[in-house]
Amino acid sequence: MGQRVGLGERALRVHRAHLVRHAKLEADRLTPIPGATCSATQEWPSDDFVTPLDWVVTVATRDSTCRTMLRVHATHADESWSGRMGLADLAKALDCSVRTAGTHRRHLVEDGHLRTVADPVRPGAKTGGRRPDKYVLMSGIIPRPVNLARTWDQTRALEVLVQVPWWPSRPDLNKRAVQIVGNRLASGWPEAELVARLAITPETGVSNPLGLLQSLLPAKGEPYVLPAREAATGQAWKAPLCACCGVQFARHVPARPGDVCGACRATGAEGPAPAPPKYAQAATYGTPF
């Protein structure tokens, strides 16, 4: 059956369980229920109309709770297919405990469908503490390079370091830094993505450049996962500008038009109110159940 419909074993189990839960198949997961029908196959709309909720329809998750959680994230996502949502909000939306919400969110992260970025505590902030975690919807697709042994060399790694605004011009640090950046290039990470992660403006002097370099880059051996927006529409998201100073956010930092960067927040400049999510509405096509 998996070969006929083009699904892997895990995805096939997920979809068959979905059909059983919605009274389309008998409990044996093989016999159709008399009179049960599904909607006719519809054409995928143009890229301009693909929303996060439309993409969720195509994703196979571990269980129904993970699917519901992914749908909640998609509902609150903006035009960059990212947003903010804490575990307490997820638990309330799913009517479960915070611990259960954390477990299923970890499943989505492990399966490559979600990337979360914790917002650190901001002492003295008007909100009284840390803000909800930022998140980005991810496709789960790992684009493998054709030949990992030739995907990077010393020159390409140095070209990345040259574009880092805070990297010191010290040859003694470059040898170790080239190895760090080169390992990420060998794992399939594009140079532009690495440069975007390193394009920050530290609020204080950098006392440990190598440590900061490793903390900003993905973990060693972590594969590059294509963002869901880029996989569904073929268009990479361009990060917005800070509403206060006009500096562009790094691509890996979930931000929406109207947000302010960390440097402006530190000075107390909050900027205008952020725009409401663009895609906070139900999908207009896909399966009706």
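## The sheet

Let's start with the strands: three of them make an open sheet in the order E1-E3-E2, and the pairing is antiparallel. E1 and E2 sit at the edges with a single partner strand each, so one side of each has no neighbour in the sheet. From one strand to the next, the twist averages 20 degrees. Keep in mind as you read on that this is a predicted model.

Zooming in on one pairing, E2 and strand E3 (residues 134-137) run antiparallel and are joined by 4 bridges. If you want a specific pair to click on, take Val117, whose bridge partner in E3 is Lys134.

## Salt bridges around Arg62

How many salt bridges turn up in a search of the whole structure? The search finds 6. One of them runs between Arg62 and Glu110, with the closest N and O atoms 3.0 Å apart. This pair links distant parts of the chain: Arg62 is in the loop between helix H3 (52-56) and helix H4 (64-75), while Glu110 belongs to helix H6 (residues 98-110), 48 residues apart. Arg62 counts as partly exposed, at 38% relative accessibility. Glu110 is exposed, with a relative accessible area of 52%.

Arg62 also meets the side chain of Asp111 in a salt bridge, at 2.9 Å from N to O. Is Asp111 buried or exposed? Asp111 is buried, because its relative accessible area is 18% and the cut-off for buried is under 20%.

Another salt bridge joins Arg156 to Glu191, and here the closest N and O atoms are 2.5 Å apart. Again the pair links distant parts of the chain, with Arg156 in helix H7 (residues 154-162) and Glu191 in helix H9 (residues 191-198), 35 residues apart. Both ends are partly exposed: Arg156 has a relative accessible area of 25%, and Glu191 has a relative accessibility of 23%.

Back at the Arg62 end, there's one more thing to look at. Salt bridges with shared partners join Arg62, Arg106, Glu110 and Asp111 into one network.

## How H7 meets H9

Two packed helices are described by the angle between their axes and the distance between those axes. H7 and H9 pack at an angle of about 35 degrees, and their axes are 9 Å apart. Their crossing is right-handed.

Which residues do the meeting? On the H7 side they are Arg156, Glu159 and Val160, and on the H9 side Glu191, Leu194, Val195 and Leu198. Sorted by class, this contact has 4 nonpolar, no polar and 3 charged residues. Arg156 and Glu191, the salt-bridge partners from the section above, are both in that list.

What about the rest of H9? Of its 8 residues, 6 are buried, so H9 is largely enclosed by the rest of the structure. The buried residues are Glu193, Leu194, Val195, Ala196, Arg197 and Leu198.

What do the buried residues of H9 pack against? They pack against E2, H7, helix H8 (171-186) and helix H10 (209-216). So one strand of the sheet, E2, is part of the surroundings of H9 as well.

## Two residues with positive phi

Two spots are worth a look if you check backbone angles. Trp81 has phi near 60 degrees, a positive value in a residue other than glycine. Trp81 is placed in the loop between H4 and strand E1 (82-84). This tryptophan is buried, with a relative accessible area of 1%.

Asp95 is the other spot: its phi is near 55 degrees, again positive in a residue other than glycine. You'll find Asp95 in the loop between helix H5 (87-94) and H6. Asp95 counts as exposed, at 73% relative accessibility, whereas Trp81 is buried.

How values were computed
Residues numbered from 1 in each chain as written. Predicted model: local features only at pLDDT ≥ 70, side-chain atom pairs only at ≥ 80, totals over all residues. Heavy atoms only, no water. Salt bridge = Lys/Arg side-chain N within 4 Å of Asp/Glu carboxyl O. Buried < 20%, exposed > 50% of the residue type's maximum accessible area, 1.4 Å probe, protein only. Axes fitted to C-alpha atoms, helices over the stretch in contact; angles between N-to-C directions. Left-handed = near helix turned anticlockwise from the far one by under 90°. Contact = heavy atoms within 4.5 Å. Nonpolar A, V, L, I, M, F, W, Y, C, P; charged D, E, K, R; others polar. Pairing = 2+ DSSP bridges.
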